[in-house]
Amino acid sequence: RAEAPSARSSARRLVIAEPSAGRSKGPFLRLARSLQAAGADRGVQVVMAGSRRALLEGLEPADQALLVPAFEYAHWDMLTESPDDIWTSAARYARIMAKDLDALTTRIGIDEHDTLLFDTANLVDVFATTEWLGRLAPAVRPEIRLLFHFVPEQEAQWLKQSTEQVRQIYQVAFALLESCAGDRVQILAQTSALAAELSVAFERRVVPMGFPVPPKL
């Protein structure tokens, strides 16, 4: 497969962070292609940062060119399989993901001209991004976009925790992230209805965004 270019081919770049991309048959690469088409006439380069291993066979050449192996685990998917306390496991996976983001930064040169989009955002992503950004100089921190597909109530059921506890932990996670990134953080939701629910749950502005994104934004 082609390696990601080491030199920037444009002043602006969208880096989509999805640990399952290339391993899962989810719509991750379809989203990347949609964004690539939308950004082509705007001078925006699109990169999909996905799984480091167990890549799917038979990926289209265009998908292979988009995909940069970056992440050790599909972190959130593995939480309920851990024998440890759920929040201890979440913290451990966040640290692993932060190291993956460090490596990705070195590999493709993430900086203040980039936007990093987590297209299935969750608590691990928020905590990992905070730890990673804390190791970057403020002047070179990228824009952060977090695209959510579920409400805290659904997350709480899956994690076997109370909704109130999950909401409280999100409040802490967002506060920490905002202390690093300030107004360079934006929360997105898959639909308008979900955005309205998350605005209440997170006590923050949430912007609706179609998934996959239409060719014309």
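Begin by selecting Arg-145 and Gln-186, which are bridge partners, with Gln-186 lying in strand E6. This is a predicted model, in which local features need pLDDT of at least 70 and side-chain atom pairs count only at pLDDT 80 or more, while totals for chains, interfaces and linings use all residues. Residues are numbered from 1 along each chain as its sequence is written, and side-chain values use heavy atoms, with hydrogens and water left out.

Now show the whole of strands E5 (143–148) and E6 (185–189); helices (H or I, at least four residues) and strands (E, at least two) are DSSP runs, numbered from the N terminus. E5 and E6 pair in the parallel sense over five bridges, where pairing requires that DSSP finds at least two bridges between two strands. Four of the five residues of E6 are buried, a word that here stands for under 20% relative accessible area, whereas exposed is over 50% and partly exposed lies in between (1.4 Å probe, protein chains only).

Leu-188 has Val-207, in E7, as its bridge partner. With helix H7 included, E6, H7 and E7 make a right-handed β-α-β unit; right-handed says that, with the strands pointing away from the viewer, the path from the first strand over the helix to the second runs clockwise.

Which residues of helix H7 (residues 192–202) are buried? Select Leu-194, Ala-195, Leu-198, Ala-201 and Phe-202, and you have them. Looking down the axis of H7, you will find these buried residues within an arc of 125 degrees, so they line one face of the helix; the arc is that of the directions from the helix axis to the C-beta atoms. On the other side of H7, Ser-192, Ala-193 and Val-200 are exposed. Just after H7, stop at Glu-203, which takes a positive phi of about 55 degrees.

Keep Phe-202 selected and leave aside its neighbours within four places in sequence: Phe-202 is then in contact (heavy atoms within 4.5 Å) with Phe-148, Pro-152, Tyr-170, Gln-171, Phe-174 and Ile-187.

From Pro-152, move along H5, whose buried residues are Pro-152, Glu-155, Ala-156 and Leu-159. These four cover an arc of only 100 degrees around the axis, which puts them on the same side of H5. What covers the buried residues of H5 includes H3, helix H4 (123–133), H6 and H7. H5 is followed by Lys-160, whose phi is positive, near 60 degrees.

Finally, turn to the largest nonpolar core, which has 51 residues; such a core is a set of buried Ala, Val, Leu, Ile, Met, Phe, Trp, Tyr and Cys residues joined through side-chain atoms within 4.5 Å. The residues with the most contacts inside this core are Leu-104, Phe-118, Trp-132, Leu-146, Phe-148 and Phe-202. Helix H3 (residues 86–108) gives the most to this core, with ten residues. Apart from it lies another core, of 18 residues, which includes Phe-28, Ala-32, Val-46 and Leu-59. Zooming out, you have seven helices and seven strands in view, and buried residues make up 49% of the 217 residues in the protein.
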